[in-house]
Amino acid sequence: MNTQEILRALSTLRAGATPGEYDLHHLVAEALRAAGIPYRHEYRLAPRRRIDFFVDGVGVEIKKGRPNARDLLLQVRRYLEADELKEIIVVTQKDTPLPARVDGKRVTNISLNRLWGVALP
């Protein structure tokens, strides 16, 4: 699976200003399904390490609101320790800065408020 295909599917996401995290899971699942992209939901990378979506070596992690950047980076780093994970896409409601690479693996951040094109509360 091509990462660009996953990113194109995720770029179609539109959510209200206050959805719950599992509402966002549903939207991501629908976007992937609509694009014909097979995925596994709540995929176990290791004990106590379960990524929200796994698509052929690419992980998709979803965070509601604006997560603490330090905590999110630690979580991303733990996930990327898994050999089967080649890269990770982090979907957040509000922009959260992350490095482009962690331990040599690509990290892409999709901010839903950027997709909306407006600043939301």
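**Fold, sheet and cores of the predicted model**

Y22 is placed in helix α2; helices (H or I, at least four residues) and strands (E, at least two) are DSSP runs, numbered from the N terminus. Y22 is exposed, with a relative accessible area of 58%, where exposed means over 50%, buried under 20%, and partly exposed in between (1.4 Å probe, protein chains only). Residues are numbered from 1 along each chain as its sequence is written, and side-chain values use heavy atoms, with hydrogens and water left out.

The chain has four helices and six strands, and its elements run α-α-β-β-β-α-β-β-β-α from the N terminus on. Of the 121 residues, 46% count as buried. The chain exposes about 6,500 Å², of which carbon and sulfur atoms supply 49%; accessible areas come from the Shrake-Rupley method with a 1.4 Å probe, and for residues only the protein chains shown count as cover. Among contacts (heavy atoms within 4.5 Å) with a separation of 6 or more, residues 24 or more positions apart account for 54%.

The six strands form an open sheet of mixed pairing, in the order β1-β2-β3-β4-β6-β5. Its edge strands are β1 (40-46) and β5, each of which pairs on one side only. Two strands are taken to pair if DSSP finds at least two bridges between them. Strands of a sheet pair through backbone hydrogen bonds, either parallel or antiparallel.

Strand β2 (residues 49-55) pairs with strand β3 (residues 58-63) in the antiparallel sense over three bridges. F54 has G59 as its bridge partner in β3, and V55 has V58. Two residues separate the strands in this hairpin, where D56 takes a positive phi near 45°. On β3, six of six residues are buried. V58, V60 and I62 point one way from this strand, G59, E61 and K63 point the other way, and all are buried. In a regular strand the side chains alternate between the two faces of the sheet. Strand β3 also pairs with β4, in the parallel sense over six bridges, with E61 opposite V90 in β4.

Strand β4 (residues 87-92) pairs in turn with β6, again in the parallel sense over six bridges; here I89 stands opposite T108. Strand β6 (residues 105-111) is largely enclosed by the rest of the structure, because five of its seven residues are buried. The pairing of β6 with strand β5 (residues 101-102) is antiparallel over two bridges, and R101 stands opposite R106. These two strands form a hairpin with two residues between them, and D103 in the turn has a positive phi of about 50°.

E87 lies in strand β4 and is buried, with a relative accessible area of 7%. Its side chain makes a polar contact with the side chain of T3 at 2.8 Å. A polar contact is a pair of N or O atoms within 3.5 Å; within protein, one must be able to donate a hydrogen and the other to accept it, and residues adjacent in sequence count only if both atoms are side-chain atoms. Leaving aside residues up to four places away in sequence, E87 touches T3, G57, V58, G59, L80 and R106.

Helix α1 (residues 3-10) lies across β2, β3, β4 and β6 and runs at about 5° to β4. Helix α3 (residues 69-80) lies across β1, β2, β3, β4, β5 and β6, at about 150° to β4. Axes are lines fitted to C-alpha atoms, for helices over the stretch in contact, and angles run from 0 to 180 degrees between N-to-C directions.

The largest nonpolar core has 20 residues, and those with the most contacts inside it are I6, L10, V28, L32, V60, I89 and V91. Such a core is a set of buried Ala, Val, Leu, Ile, Met, Phe, Trp, Tyr and Cys residues joined through side-chain atoms within 4.5 Å. Helices α1 and α2 (21-34) and strands β2, β3 and β4 each supply at least two residues of this core, and α2 gives the most, with five residues. L32 touches I6, A9, I37, Y39, F53 and V55, not counting residues up to four places away in sequence. Apart from this core lies another, of 15 residues, among them Y43, V76, Y79 and V107. In soluble globular proteins, nonpolar side chains tend to be buried together.

How values were computed
This is a predicted model: local features need pLDDT of at least 70, side-chain atom pairs count only at pLDDT 80 or more; totals for chains, interfaces and linings use all residues.
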